[in-house]
Amino acid sequence: MAAAVFLVVVVVGIVSAVVAMSHRSPVVNVLSLVVTLFCVAASYALLGAEFLAAAQILIYAGAILVLFLFVVMLLNAPEEQRPKEPRPFQRAVGLLLALLAGVGGVAVLIGIEVVAPAARVSGDARAIGRLLVGPYIFAFEFISVVLLAALVGALVLVKRKH
Amino acid sequence: MWASVVVTATKLVVVAGSILTGVAIMEWVERRGAAFIQDRLGPNRVGPLGLFQPIVDAIKLLFKEDVTPTNVNKGLYYLAPMISVFVAMVTFIVIPFGAGNDVTIFGAPLGGLIVAPDLGVGILYLLALSALGVYGIVLAGWSSNNKYSLLGGLRSSAQLISYELSMTLAVLGVLLATGSLRLDDVVSHQAAHVWNFIPQFVGFIVFTTAVFAETNRLPFDLAEAETELVAGYHVEYSSMKFAAFLMSEYMNMITASALIVTLFFGGWSFPGMGRFSGWPLLIASVVAFVAKLAFFLWLFVWVRWSLPRFRYDQLMRLGWKGLLPLATLNLVWVGVAMAMRWL
C-alpha cells in the first residue's frame, strides 16, 4: 500500500518537475512547482516525518511560491517578450548540475529504504526541536544569521532605489 | 478495524454536513443581521422568519446561466473555485468539537469528537492547508483576464501573506503554553488550567484581527472592495462557480471561529464539567462548543456591518507595525511567564 502510494507520488512529482521547467507559461511553471513540492511533502509523510511534511507545505507551497506567483503576475510579461532560446551553456550547466545532484542523491540514498514505516529518528516536532537546539544549535543559529543578512540586504537594495 | 473506519466516516459526514448547513444558516444570519443593524427587516418572505431563504438562493444560483468569458485561461479559471472550496472543506478535521474519550460506539472507541485524532501535527496541518487558500483567490484573479480581478487577487495575496505571520505568532503563544501541536491537548490544557484568553489576551486580539483579514471579511475585504474593484477576484464568475467562492468564505469563517474558540476559549470545555461523564458530557460539550462558535460567527457579522473598510496602506501598516510587534510581545510574555512558572 505504502509502496504504491510512493510510486504515484514519485511519478507525479517527476512529471510536475519537468512541466515546471519546460512549460512556456510562467504561471503554469510556478503551479507545477507547487505540485512537485506537494509530492516532496507527501514522501516526507510516508517516511513518518509528519512535521517536516506540514512545514514543507506551510513554508514552500504556502508562502514562498505565493511570492513567486505574485512576482510572475505583477510582471505578467507578454508572450513576445519572453526569451525564445535558452542562453548558451544554460543547457550544459543545467545538465551538469542535475547530474551532480542525481549522483549525490543516489550515493546518499543507497541502502536506505524509501518507505520506512518506523524511521530511525522520530519525525515529530518534539524530536526535531530537541535536535535543533541540541546537537545542531550552531548550524541553526548560523542559518538565522544568514537569513537576517539577506533581510538587511533586501532592505538596503529597496532603500537605494528611492 | 471496520468499526473504526465506520466511526471516522461518520464523523466526516457529520462534520461536512454541519459545515455546509452552517454555511446556509450563516447566509441567513448575515442578511437578517445586516438588516437588524441597519434597522430594516431583511428577507422575511420565504418560510418562517425567512429561514428558507438560503435554499431559494441556492436553487437560484444553480439555475443561473454559467458564463465563461472568452479570454479567460480556462484550466485555471475552473481550478480556482475548486481550490477555494477544497481548502475550506478539509481544514476542519483537526478541530475537536466535543468530549467523548470515554464513549464507545459498537465497541469501537470514539477517540474524542475530532475527525483526525491521531494527526500529531494538529494545528500545523490546518495552518499549512489554509495557507493554500490564497491560490484559489490569486488564480481566480489572474485567470479571469480582467484588471479588477487581477488587482483583487494581488491585493489579497499580499494581505494574506502579511497577516499569516501575526496569526501564526499568536498561535505559537498558545502552543508554547500547551507544549503540544494537537488541538485536543490545547483544549484539555485549558480545561485543567485557565482559558487562554485570560493570560494571553493580546494574543487573542491579534489572532482574531488576523483571522478577519485571512477570511477576507470587512473591515479587511480589500480583495473584493465593491466600490473600487466591482467585486474583485470573482467579478467574472457566475452561477455555481460564484457560489463556490461565497461558500468557501463562509466555511473559512466557521473554521476560523472554531479555531478562536479552541485556542483561546477552552474549546468544548465548560465550567462545572467534572460532574458529567459519558454521553451527557459528550452532548453538553458539543452544545458548549456550538454556543461559543455561534458567538464568534455573530461577531464576524456584527463587525462586518459596523465598521468601514480600511484603506490599503492602513491595512498594511496595521499588519506589519501593529499586529506583528504585538504578537511578538505576546510570545515573549508567554515565554517569560512560563520561565517564571506563572503559567
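Reply: Angles under 35 degrees count as roughly parallel, over 145 as roughly antiparallel, 65 to 115 as roughly perpendicular, and the rest as oblique. Helices (H or I, at least four residues) and strands (E, at least two) are DSSP runs, numbered from the N terminus. Axes are lines fitted to C-alpha atoms, for helices over the stretch in contact, with angles from 0 to 180 degrees between N-to-C directions.

The model is predicted: local features need pLDDT of at least 70, side-chain atom pairs count only at pLDDT 80 or more, and totals for chains, interfaces and linings use all residues. Residues are numbered from 1 along each chain as its sequence is written, and chains are lettered from A and ligands numbered from 1 in the order in which they are written.

Helix H3 (residues 50-75) of chain A meets helix H4 (residues 123-131) of chain B. Their axes come within 8 Å and cross at roughly 25°. H3(A) and H4(B) are therefore roughly parallel to each other.

H3(A) brings A:Phe51, A:Ala54, A:Ile57, A:Leu58, A:Gly62 and A:Ala63 to the contact. H4(B) brings B:Leu124, B:Tyr125, B:Leu127, B:Ala128 and B:Ala131. Contact here puts C-beta atoms, placed from the backbone, within 7 Å. By class, the residues of this contact are 10 nonpolar, one polar and no charged. Ala, Val, Leu, Ile, Met, Phe, Trp, Tyr, Cys and Pro count as nonpolar; Asp, Glu, Lys and Arg as charged; the others, Gly among them, as polar.

Now the whole interface. 16 residues of chain B touch 16 residues of chain A. H4(B) gives the most to chain B's side, with five residues.

Technical notes. Contact = placed C-beta atoms within 7 Å.
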